[in-house]
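Please consult the sequence and the model while reading.

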Amino acid sequence: MSDAPPLSALIGAALLAAGRPVSAGDLASVLGLPEEAARREVEAFSARLKKAGLGFEVEAVAGGYRFVVPPALASHLTPLLAPPPLPPLSSAALEVLAVIAYRQPVTRAEIEAMRGGSASTVVTLQERELVKVVGRADSVGQPLLYGTTERFLLDFGLTSLADLPPLDDTGFAHLLRS
């Protein structure tokens with residue numbers, strides 16, 4: 001008879017303890033399973049949690065899995081949530097973020113050329129950890145190259161950049177989580 005805890009207990013403990021999205025590969029390594037089997041176990045665990053209605057769920061985001069509060073319950077918990085939400089991004093910041101997300105890696109000059117205006121909001125986006133310097137361009141002056149961060153994926157509920165929606169006239173603002 002084995003003393004090993006149930007897989008569901010190990011999955012739950014791993015997601016809780018990590019404090020960040022945990023990839024199927026990392027879970028597979030910890031659980032001693034093939035990656036696809038770990039993925040199936042997480043999906044089964046997620047379904048059981050949802051059915052039980054315990055007040056938290058498993059979300060696939062940023063290339064991994066994490067615990068989240070279902071949106072229907074989040075509004076009831078506002079006093080407990082911290083830190084207070086940052087003010088919404090300006091339309092200029094959203095434009096710069098969209099250019100970086102869709103064209104990365106990209107220089108500030110390229111952002112300004114695409115927008116037809118200043119890219120000064122890059123600093124704000126860096127402060128919010130939505131973009132970061134990912135290198136230097138191989139051109140005169142070796143300007144900085146910008147790309148998105150894991151925080152960007154988390155805040156916009158994306159598993160990867162491949163999940164970015166096609167660009168249209170409605171812009172990026174509808175993707176922000178309230």
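Thr148 is buried, because its relative accessible area is 10% (buried means under 20%, exposed over 50% and partly exposed in between, with a 1.4 Å probe and protein chains only). This is a predicted model, in which local features need pLDDT of at least 70, side-chain atom pairs count only at pLDDT 80 or more, and totals for chains, interfaces and linings use all residues. Residues are numbered from 1 along each chain as its sequence is written, and side-chain values use heavy atoms, with hydrogens and water left out.

**Thr148**
- Thr148 lies in strand S5, residues 144-148 (strands are DSSP runs of E with at least two residues, helices are runs of H or I with at least four, and both are numbered from the N terminus).
- Not counting residues up to four places away in sequence, Thr148 touches Ile100, Ala101, Gln104, Leu130, Val131, Lys132 and Leu161 (contact means heavy atoms within 4.5 Å).

**Pro105**
- Pro105 is in the loop between helix H5 (91-103) and strand S3 (106-107).
- With a relative accessible area of 49%, Pro105 is partly exposed.
- Glu110, Val134, Leu145 and Tyr146 are touched by Pro105, not counting residues up to four places away in sequence.
- From C-alpha to C-alpha, Pro105 and Ala92 are 19 Å apart in space, and they are 13 residues apart in sequence.
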